[in-house]
Amino acid sequence: MPSSLPFSPRSLGQVATPEALVAFMVGLAEAPRGGWVLEPACAHGPFLRAFREAQGTGYRFLGVELDPLALDLPPWAEGVRADFLLWEPGEAFDLILGNPPYGALGAGARLAPERRRRYRQTFATWHGRYNLYGAFLEKGVRLLKPGGLLVYVVPAGWMVLEEFQKLRAFLAREGALEVFYLGRAFPGLKVRATVLRFRKGGRGLRLYDAEALREGSPPLLLLEAPSWRGEMVRFPDPKALGMEGEGVPLGEAFRIHFAARSPEVKAHPLTRPHPGPGLVPVLTGRNLLPGGVDYETPHSGLYFPKEAVHLLKPFYAIPHLVVGHTRHYRVVAAWDGRAYPWREEFHLLPKEGVRLDPEALVAYLNGPLVQAYYRGLYREAVPHLTRAMLERLPLPPGLF
């Protein structure tokens, strides 16, 4: 029998919350006696149960769940079967806490077109390849009473990714935000997590290091930004910030392009699935090595005429810098001196008047200073380098 749900729960990344993490979040939560406490995507209501056990019975408890097979609340809590993102309760809440589901909501998501259209119309923070938890954050904030509190655990990507720039600005406008960076908080999963404690109506940002919670150490305050307006949330590493203060942002010296996407390469009439005269492999990230390019291994399984690479992307025809996009918390760069076609990665061409030593530049980008800079500011919030990160990467004046 086909599912009656508008999307697959598995595809939306439902993940059970460890008990210790639930306890930590409940410790951050509060509500006035008699107030409304809401858990979205509640399933059996682990947060409602933990809050009631810690704070007592003097509250009104409500859980919302889309999946009828997952909804299993105790008799003292009211359960509503609904799509939380489209649910309109007609009242506001004192406390909203939980672990919203995660899942990309771009064009490739398994989501009915009508449902996606309604989400786009509903959420002002929707941007690019948005994620379900971003919509849950906006919805939760809108359902809070003035002075109300939201406590969520979500992936750390919202801190820096471009698709969350509208969400960050929205949170900055609507209240005061405390961010607890947990790192790997879910056993067996690679996702890095943050707990957000949001107070509606306040202002400013506080960032805490909470990676040592598993060892019993309390969160460490790293950053206070009273005038935060939704900028990327970065870790205040002194050495990395010092490098930025002394260097030239890479984005001021280079034009940054991204490679042709796989569908674009495959659809080009000159692309071939087999080698032949005048054809060279279309390179992928697996061909990019620290300081060099593997021009021989056809990882993509696709080939393109060497003399026509400009027809795929004009910048392919010019020797240029290539920087890895997804390299798991490190910067990997090489100079493509042969000007090959690519299917992935960032491609950087010097701006007019910029003179540089390609060998020295590549050595610097792959070197320990840049790796320490990258990990110092971003840790492991996301496993890939973004354009915004790359634009800000400092180049020492001596490279020019």
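Two strands are taken to pair if DSSP finds at least two bridges between them; strands themselves are DSSP runs of E with at least two residues, numbered from the N terminus. The model is predicted, so local features need pLDDT of at least 70 and side-chain atom pairs count only at pLDDT 80 or more, while totals for chains, interfaces and linings use all residues. Residues are numbered from 1 along each chain as its sequence is written, and side-chain values use heavy atoms, with hydrogens and water left out.

Strand 11 (residues 254–258) runs antiparallel to strand 18 (residues 346–350), and five bridges join them. Within this pair, H257 stands opposite H347 of strand 18. In a regular strand the side chains alternate between the two faces of the sheet. Buried here means under 20% relative accessible area, exposed over 50%, and partly exposed in between (1.4 Å probe, protein chains only).

The largest nonpolar core holds 113 residues, of which W87, W158, V195, L393 and L395 touch the most other members. Such a core is a set of buried Ala, Val, Leu, Ile, Met, Phe, Trp, Tyr and Cys residues joined through side-chain atoms within 4.5 Å. Strand 5 (residues 144–155) supplies the largest share of this core, seven residues. A second, separate core of 22 residues includes A259, F304, V332 and L349.

G79 lies in strand 3 (residues 77–81) and is partly exposed, with a relative accessible area of 41%.

Key: Helix = DSSP H or I, 4+ residues; strand = E, 2+ residues; numbered from the N terminus.
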